[in-house]
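Please keep the sequence and the structure in view while reading.

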Amino acid sequence: YSSLFDYMGFITNKLRAIYKLPREYAIDDVDELVKQRRSSFCKTLDLYKQLNPIIILDFDRTVTNEKFHSLYQYLIDDYKVIINSANPQRDVIEQYLSKHDLKQPDVIYANKGKQQKIVRLKSIATSNMHKPIFYIDDEQEYLEYGMLLAMYCYQYTAGGKICSFTGFKK
């Protein structure tokens, strides 16, 4: 964004979009909904499933971590998945997925470097104002940008854990 004013406009519109989301949930146990913690990635994602969320994944050290493959397969079957990578070679990403018998995502963005990856995050956020967006990356720097773009951010660790990421923690 070229100014703080432009960014405030984006955030305001993103928050306005929340009010347009349906408020009806079919749930058996209300406590399940009320006591839901953001730190539980799969349960949080299931809560938003009716709203057709978008999942953005990093490639290097996230999708390429073999511990991530089972989660990838779970996500690719039920959600719109986008790979947004600083890796400039789309064919490397496609070949890796084929080699490991992983389905191709809905979209692959092979950006040429850090700055283009961040610009692409912004583009995805602005073109999907009325959808919840979940973002998984191993690098904190990118997650900070995702958080500023009102995405639900999760850091994927080398050990195979998904940790809720927010700048609002103490």
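Helices here are DSSP runs of H or I of at least four residues, strands are runs of E of at least two, and both are numbered from the N terminus. Between Gln 116 and Ala 86, the C-alpha to C-alpha distance is 7.3 Å, although 30 residues separate them in sequence.

## Basis of the model

The model is predicted: local features need pLDDT of at least 70 and side-chain atom pairs count only at pLDDT 80 or more, whereas totals for chains, interfaces and linings use all residues. Residues are numbered from 1 along each chain as its sequence is written, and side-chain values use heavy atoms, with hydrogens and water left out.

## Overall organisation

The chain contains 8 helices and 6 strands. Along the sequence, these elements follow the pattern α-α-α-β-α-α-β-α-β-α-β-α-β-β.

Of the 170 residues in the chain, 38% are buried. Contact means heavy atoms within 4.5 Å. Among contacts between residues at least 6 apart in sequence, 65% join residues at least 24 apart.

## Packing of helices α3 and α5

Two packed helices are described by the angle between their axes and the distance between the axes. Helix α3 (residues 41-48) and helix α5 (residues 69-78) pack at an angle of about 5°, and their axes are 13 Å apart. This angle makes α3 roughly parallel to α5. Axes are lines fitted to C-alpha atoms, for helices over the stretch in contact, and angles run from 0 to 180 degrees between N-to-C directions; those under 35 degrees count as roughly parallel, over 145 as roughly antiparallel, 65 to 115 as roughly perpendicular and the rest as oblique.

Helix α3 contributes Phe 41, Cys 42, Leu 45 and Asp 46 to the contact, and α5 contributes Leu 71, Tyr 74 and Leu 75. These residues divide into 6 nonpolar, no polar and 1 charged. In this classification Ala, Val, Leu, Ile, Met, Phe, Trp, Tyr, Cys and Pro are nonpolar, Asp, Glu, Lys and Arg are charged, and the others, Gly among them, are polar.

## Other residues of helix α5

Tyr 72 is placed in helix α5 and counts as buried at 1% relative accessibility. Leaving aside neighbours within four places in sequence, the contacts of Tyr 72 include Leu 57, Val 63, Val 81, Ile 83 and Lys 103.

Asp 77 and Lys 103 lie 26 residues apart in sequence and 8.7 Å apart in space, C-alpha to C-alpha.

## Aromatic pairs

Rings of Phe, Tyr and Trp (its six-membered ring) pair if their centres lie within 6.5 Å; planes under 30 degrees apart count as stacked, over 60 as edge-to-face and the rest as tilted. By this rule there are 9 aromatic pairs. Phe 41 and Tyr 154 form an edge-to-face pair, at 4.9 Å centre to centre with 75° between the planes. Phe 41 lies in helix α3 and Tyr 154 in strand β5 (residues 152-156), so the pair ties together parts that are 113 residues apart in sequence. Phe 41 is buried at 5% relative accessibility, and Tyr 154 is buried at 0%.

The rings of Phe 134 and Tyr 152 are stacked, because their centres are 4.9 Å apart and their planes are at 20°. Phe 134 belongs to strand β4 (residues 133-137) and Tyr 152 to strand β5, so this pair joins parts 18 residues apart in sequence. Phe 134 is buried at 0% relative accessibility, whereas Tyr 152 is partly exposed at 24%. Ring pairs link Phe 41, Tyr 48, Phe 134, Tyr 152 and Tyr 154 into a cluster.

## Positive phi angles

Asn 52, in the loop between α3 and β1 (54-57), has a phi near 55°, a positive value in a residue other than glycine. Ala 150 lies in the loop between α8 (140-148) and β5, and its phi is near 65°, again positive in a residue other than glycine. At 32% relative accessibility, Ala 150 counts as partly exposed.

How values were computed
Buried means under 20% relative accessible area, exposed over 50%, partly exposed in between (1.4 Å probe, protein chains only).
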